[in-house]
Amino acid sequence: MSNQLPASLASPSEEDVAKMVATGTHLGTRNLEPSMETYMWKRRADGVHIIDLQKTWEKLVLAARIIATIDNPQDIVVISGRPFGQRAVLKFAKYTGAQALAGRFTPGTLTNQIQQGFIEPRLIIVTDPRTDHQPIKEASYVNIPTIAFCHSDSPLNYVDVAIPCNNKGKQSIGLMWWMLAREVLLLRNSPGLVRGQPWDVMVDLFFYREPEEQEKEQGAIEGAETEAWAQDGEKWDKDAEWNNTAAPTGGDWGAPTEASGWDSSVGASSGWDNAEQ
């Protein structure tokens, strides 16, 4: 397949390979599905299979070319039942215009026409064939092509295009969705995106985030806002105090202050005092 691709797509760049190695995209498991053996490079001494990143890249480009041929992006459905891939599919749908089904897949979504959430896509992309077996099975009933990110132990039943990668790591699966979205946008000639130049969307946006990390970050933001409000309040108090102590406008600055009505009555003998005398 590499001979059929343009020179710019024949192999991944050094930066892409570095990202895939850093996120562990090439790491498989000790178990190996017979149909996935062709995508393996070697087996380590501890029994872990190593995925061939050249074949990962070729299948990724093939999947991107298939996605780019669909005129209406809403006809593409991206699915992830695993928590590690849910944020990635939502981001992929945001940047490519596809539909995202994150979380539990409702049975009958692709086959039951009287169901409220029934959809008829032209293509589905799943994060894990083992976890997302229900949409893959339903897609086979209605002849919908399926693209899947497959691990070394993933079954390939009813999968039309398998992208070999580590789909169990939160950083690895996020990187794969990010690279697929980037390749699709490049093939669509999206403005502001040129091959060979970095994409302005960071790959971290596709990574799964723990709820504790989000709560911690939200607490830090709220604390910073509270501190900013407190500083603004102190500044406002100082301004108000300065305005209250400022000299009155107009008149002679050296003129003595006239006593008010209450002050003028101080010291004068009242009627009660006269009565006592």
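A salt bridge is a side-chain nitrogen of Lys or Arg within 4 Å of a carboxyl oxygen of Asp or Glu. With that definition in place, I turn to the structure. It is a predicted model, in which local features need pLDDT of at least 70 and side-chain atom pairs count only at pLDDT 80 or more, while totals for chains, interfaces and linings use all residues. Residues are numbered from 1 along each chain as its sequence is written, and side-chain values use heavy atoms, with hydrogens and water left out.

Let me begin with the overall picture. The protein contains eight helices and seven strands; these are DSSP runs numbered from the N terminus, with helices being H or I of at least four residues and strands being E of at least two. Of the 277 residues in the protein, 39% are buried. Here buried means under 20% relative accessible area, exposed means over 50%, and partly exposed lies in between, for a 1.4 Å probe and protein chains only. Among contacts with a separation of 6 or more, 59% join residues 24 or more positions apart, a contact being heavy atoms within 4.5 Å.

I come next to the salt bridges, of which the structure holds seven. In general, side chains of opposite charge can pair when their charged atoms come close. One of the bridges joins the side chains of aspartate 16 and arginine 182, at 3.0 Å from N to O. Aspartate 16 belongs to helix 1 (residues 14-22) and arginine 182 to helix 5, so that this pair links distant parts of the chain, 166 residues apart. Is arginine 182 buried or exposed? At 11% relative accessibility, arginine 182 counts as buried, and aspartate 16 is buried as well. Beyond residues up to four places away in sequence, arginine 182 touches Asp16, Trp57, Leu193 and Trp199.

Glutamate 183 lies in helix 5 and arginine 195 in the loop between helix 5 and helix 6 (211-245), so the pair ties together parts that are 12 residues apart in sequence. The two partners can be set side by side: glutamate 183 is buried at a relative accessible area of 2%, whereas arginine 195 is partly exposed at 33%. Which residues form the network of salt bridges? Asp16, Arg182, Glu183 and Arg195 are linked in it.

Another bridge lies elsewhere in the chain. The side chains of aspartate 128 and arginine 82 meet at 3.7 Å, N to O. Aspartate 128 is in the loop between strand 5 (123-126) and helix 4 (133-141), and arginine 82 is in the loop between strand 3 (76-80) and helix 3 (83-96), 46 residues apart. Both aspartate 128 and arginine 82 are buried.

I now turn to the packing around helix 5. Two packed helices are described by the angle between their axes and the distance between the axes. Helix 2 (residues 53-68) and helix 5 (residues 170-187) pack at about 50°, with axes 9 Å apart. The axes are lines fitted to C-alpha atoms, for helices over the stretch in contact, and the angles run from 0 to 180 degrees between N-to-C directions. That angle makes helix 2 oblique to helix 5; under 35 degrees counts as roughly parallel, over 145 as roughly antiparallel, 65 to 115 as roughly perpendicular and the rest as oblique. On the helix 2 side, the contact includes Thr56, Trp57 and Leu60, and on the helix 5 side it includes Met176, Arg182 and Glu183.

Helix 3 and helix 5 pack at about 10°, with axes 9 Å apart. This makes helix 3 roughly parallel to helix 5. Residues making the contact include Phe84, Ala88 and Phe92 of helix 3 together with Trp177, Leu180 and Val184 of helix 5.

Finally, I mention two further residues. Leucine 186, in helix 5, counts as buried at 13% relative accessibility. Apart from residues up to four places away in sequence, leucine 186 touches Leu193, Val194 and Arg195. Asparagine 166 is in the loop between strand 7 (161-164) and helix 5, and is buried with a relative accessible area of 11%. Leaving aside neighbours within four places in sequence, the contacts of asparagine 166 include Gly24, Ile51, His151 and Ser172.
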